[in-house]
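Hello,

Here is the structure for your files. My notes follow below it.

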Amino acid sequence: MTTETGQTFRINSVVGERIAAVLEDLLVRCELIPLVSCLGSSDTESRNQNLLQVVGNDARDLLHAHWDAERAHASSVNDHKQQKILRESTKRVLYYFSKHPRERKQVMALRHSPTSASYNNFVALLKQLSHLTYLRLSTSVEDQRSQHEKLNKLRANEKKNIVQIKSLQTKLHQAQREHEKEIKNRNHVISQLEDALDNITDTAAERCRHTLREARRKQDHHGTTAANDEKQLQERLENLTAELDRVQKQHREEEAKLRKRKLKLQAQIEGWIVKYDQDMGEKQRELDNINQQYAVEKKQLTELEENFTKLEIEYNQIMEERRQEREQKQFAEEGMQRLIRAAIVIQTCWRSYRSRKAARKAAAKKKKKSGKKKK
């Protein structure tokens with residue numbers, strides 16, 4: 001048997017299958033209860049309208065009666081009579097949908113609005129109960145025996161694991177004591193290293209002071225060298241400045257030449273633009289004349305097409321009349337041929353009948369003559 005979650009359970013007894021079927025029907029009915037209710041969220045009215053559209057007339061009557069019972073029960077909560085009426089109405093609606101699976105699927109497809117937390121918890125617990133029931137019904141005696149054996153093995157393994165855990169804990173405590181002892185030894189070594197580090201720090205400070213004195217001496221030497229280098233760089237800068245002035249003068253001359261060339265090209269381009277405008281004006285006038293001629297010819301073509309359409313209609317009418325005349329003539333000729341064939345058949349039959357009749361008369365005369373001779 002397959003549940004709603006897709007799991008497959010094999011139930012070997014008829015009673016078990018009945019129990020499973022009852023649980024499945026109970027789950028379906030529990031899922032249908034909030035869908036057929038008229039009370040709830042703000043979109044309940046639109047959902048009820050959609051619900052009435054997908055069900056039949058009988059279901060509509062049951063739903064209207066059920067909604068009336070719900071409203072009456074909501075107005076008087078402590079009325080036992082209304083509670084009984086609502087209970088019976090709910091049973092009738094759920095029984096109807098359990099007997100009509102197609103309409104039940106259509107109703108289930110409208111499940112969009114959220115339900116209450118208590119209802120969700122109830123459905124979840126019911127599904128867990130159904131799952132446990134399936135497991136219990138699908139488990140045979142041999143399976144139970146094997147499960148008990150596995151459980152006993154697990155308990156024995158657990159006892160062994162507890163013994164191993166205790167022994168490991170003892171080893172852990174021993175290792176922790178050894179670790180603490182090792183930490184003490186390392187702390188002693190660290191203190192010795194700190195003393196050595198202090199000595200090294202003092203030696204490094206002395207070396208640092210010596211290094212600073214040496215650095216100041218080299219700085220003074222480098223200052224003198226830097227002054228000489230600065231003088232050389234100043235001379236080089238003056239040479240580069242003179243070179244820059246010469247290059248700028250050369251570039252200004254080239255720029256003047258290029259500007260003259262640019263002005264000349266601009267004048268040529270303006271002349272080309274004027275010529276282009278003149279040529280395009282002439283072309284536009286030619287195009288306008290061609291468009292006018294095209295409009296005139298198009299108008300003539302339209303008139304010719306209209307005349308052709310009229311002539312084509314007349315031609316089709318004439319050809320249809322000729323075709324009908326040919327069909328009538330052919331039908332008349334076929335009728336005449338049938339009459340001629342019928343007359344030929346009738347004449348043939350009549351001639352054969354007359355010849356057979358004459359033959360019978362001749363045979364009868366011969367018999368009479370032969371009878372008279374015998375007498």
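**What turned up**

The structure holds 0 disulfides, a disulfide being a pair of cysteine sulfur atoms within 2.5 Å. Cys208 is partly exposed because its relative accessibility is 43%. Cys349 also counts as partly exposed, at 45%. Buried means under 20% relative accessible area, exposed over 50%, and partly exposed in between (1.4 Å probe, protein chains only). Of the 375 residues in the protein chain, 14% are buried.

A word on the source. This is a predicted model: local features need pLDDT of at least 70, side-chain atom pairs count only at pLDDT 80 or more, and totals for chains, interfaces and linings use all residues. Residues are numbered from 1 along each chain as its sequence is written, and side-chain values use heavy atoms, with hydrogens and water left out.

The protein chain has 7 helices and 0 strands. Both are DSSP runs, numbered from the N terminus: helices are H or I with at least four residues, strands E with at least two.

The axes of H3 (residues 57-75) and H4 (residues 80-99) come within 9 Å and cross at roughly 155°. Axes are lines fitted to C-alpha atoms, for helices over the stretch in contact, and angles run from 0 to 180 degrees between N-to-C directions. That crossing makes H3 roughly antiparallel to H4, a term for angles over 145 degrees.

Contact means heavy atoms within 4.5 Å. In H3, the residues that meet H4 include Leu62, Leu63 and His66. Among their partners in H4 are Ile85, Leu86 and Tyr96.

Best wishes

Terms used. Parallel < 35°, antiparallel > 145°, perpendicular 65-115°, else oblique.
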